Amino acid sequence: MPNVVIVGAQWGDEGKGKVVDRYARQAELVVRFQGGNNAGHTLVVGGETTVLHLVPSGVLNEGTLGIIGPGVVIDPLVLLEELELLAERGLHLGPEQLRISHAAQVIMPWNKALDLLREAHRGKAAIGTTGRGIGPTYEDRASRQGIRMGELLHPEHFRARVARRLGEVNPHLVGLGGEALEAEAIIGPYLAAAERLRAMVTDTGALLDERKRAGARILFEGAQGTLLDVDHGTYPFVTSSNCVAGHAAAGSGVGPKAIDEVIGISKAYTTRVGAGPFPTELEGALGDRLREAGSEYGATTGRPRRCGWLDLPALRYAVRVNGLTGIALTKLDVLGGFEEVKVCTAYELEGERFEVLPLARWGWEKATPILQTVEGWPASVAQVRSFDDLPAGARAYVESIEEWTGVPVVLVSVGADRAATIVRKDPFAS
Ligand code: IMP
């Protein structure tokens, strides 16, 4: 029974939500293994759009159990809001549909406050975080000061932890120009949220092991993207978790042998939100056109995304650090109608040519992208449902990506809706 990992192969926002939703039909379990509500996974089913930040994207499929693993950081108030939003749409998630690891870290109000204060202090050097407290929560985990979901279920213990921690963090917040936080204002809403979530909090590692032994198929749902990985991304302009496929095991509590297939999601072009190097970025009218054509505005923060051509050295890097066995290419429809489509095939730096993003090379961000023009495709491809029906230019583009990366393109997405998908190879059938 193959288990499949889905990761972002670029800087996030590649369309993971849609692809996970598509593949989740074949999996009994869908596991989020890192990140938090910095993610915004957009699903369009029957014309209705749902943006999920914490709940695994697969849960819209009946019979799929969503798991929020120990590697995730959870804002319980945001999670509750998301559950309420889904309930309004008729999807009432209980423990049969969603389980939460007792070991997942809780995002506390001081983590959010610190995230925002630090960004304000960085000024021009700001990372452009989502302001959701992600970085400071992972810091608290690493320094063993974090509060876990399991602790939230024990009111007296939780009260004491909050009081003690506030004694440490309040002077820090005030020192940065912020306001001291009140214990009671935090404890009430967090404990109320804990009661609502109590039945879902469990040892998800044990549950995964049990279901796996019974033959269940697992889909691991990555958030953010390879180049935002804290170790393997464009540091320091990254998020604070490991987004690469290897972390699917650690962030879920299963062994590395549980993973069979690794699918990297890439747009047919590139986007980035927040600061940091982006060699193929298009500034001016062309970038604006791509942003409008692709509706490139953040699903979490609404920020306009930076847009540029497909960056093959970056994609080859993602192939390497994730061990990709397949690529799911999204938003191919957006490039339809562009008179000229370009791709970056290599970088040039100080007379040297790089086929793979040379992150170890000091000053790599000053590399010049070498662009190749490819044949465009005039008509909209949004209605196409079979690879052979795509215009010749679009087909050639997909096949070139396979040649350039050495990895098969197993799925092509030509629109936001669930139905606007061309499946070329089923990773669960491997
Ligand atoms: P943080 O994860 O909020 O700390 O933000 C760190 C960097 O990662 C910023 O550049 C964010 O814009 C980026 N980022 C975080 N989550 C996402 C995501 O889900 N999609 C795209 N970019 C993200």
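Reader: Where is leucine 114 found, and what kind of model is this?

Author: Leucine 114 is found in helix α3, which covers residues 109-122. The model is a predicted one.

Reader: Why is leucine 114 called buried?

Author: The relative accessible area of leucine 114 is 7%. Buried means under 20% relative accessible area, and leucine 114 therefore counts as buried.

Reader: Which residues are in contact with leucine 114, apart from its neighbours within four places in sequence?

Author: Those residues are Pro136, His172, Leu173 and Leu176. As for serine 143, its C-alpha lies 16 Å from that of leucine 114, and 29 residues separate the two in sequence.

Reader: How do you know whether threonine 137 is buried or exposed?

Author: Threonine 137 has a relative accessibility of 1%. The cut-off for buried is under 20%, so threonine 137 counts as buried. This residue has its place in helix α4, residues 134-142. With neighbours within four places in sequence set aside, threonine 137 is in contact with Val73, Gln105, Val106, Ile107 and Asn111.

Reader: Why are helices α2 and α7 called oblique to each other?

Author: Helix α2 (residues 76-88) and helix α7 (residues 183-197) pack at an angle of about 50 degrees. Angles under 35 degrees count as roughly parallel, those over 145 as roughly antiparallel, and those from 65 to 115 as roughly perpendicular. The rest count as oblique, and α2 and α7 are therefore oblique to each other. Their axes are 9 Å apart, and the crossing in which α2 passes α7 is left-handed.

Reader: What makes up the contact of α2 with α7?

Author: From α2 come Pro76, Leu77, Leu79, Leu80, Leu83 and Glu84. They meet Pro189, Tyr190, Ala193, Arg196 and Leu197 in α7. The residues of this contact divide into 9 nonpolar, no polar and 2 charged.

Reader: Which bridges join β14 to β16?

Author: Strand β14 (residues 310-311) is joined to β16 by 2 bridges, and these strands run parallel. Leucine 310 has valine 343 in β16 as its bridge partner.

Reader: What do β16 and β17 form?

Author: β16 and β17 form a hairpin, with 2 residues between them. In the turn, glutamate 350 has a positive phi of about 45 degrees. Strand β17 (residues 352-354) pairs with β16 over 3 bridges in the antiparallel sense, and arginine 353 in β17 is the bridge partner of glutamate 348.

Reader: What is the order of the strands in the open sheet?

Author: The order of its 10 strands is β9-β7-β5-β2-β10-β1-β11-β15-β19-β20, and the pairing is mixed.

Reader: Why is one side of β9 and of β20 left without a neighbour in the sheet?

Author: β9 (201-202) and β20 (421-423) stand at the edges and have a single partner strand each, so one side of each is left without a neighbour.

Reader: In which sense do β2 and β5 pair?

Author: Strand β2 (residues 29-32) and strand β5 (residues 65-68) pair in the parallel sense, over 4 bridges. Arginine 32 has isoleucine 68 in β5 as its bridge partner.

Methods: Residues are numbered from 1 along each chain as its sequence is written. This is a predicted model: local features need pLDDT of at least 70, side-chain atom pairs count only at pLDDT 80 or more; totals for chains, interfaces and linings use all residues. Side-chain values use heavy atoms; hydrogens and water are left out. Two strands pair if DSSP finds at least two bridges between them. Axes are lines fitted to C-alpha atoms, for helices over the stretch in contact, and angles run from 0 to 180 degrees between N-to-C directions. A crossing is left-handed if the near helix is turned anticlockwise from the far one by less than a right angle, and right-handed if clockwise. Contact means heavy atoms within 4.5 Å. Ala, Val, Leu, Ile, Met, Phe, Trp, Tyr, Cys and Pro count as nonpolar, Asp, Glu, Lys and Arg as charged, and the others, Gly among them, as polar. Buried means under 20% relative accessible area, exposed over 50%, partly exposed in between (1.4 Å probe, protein chains only).
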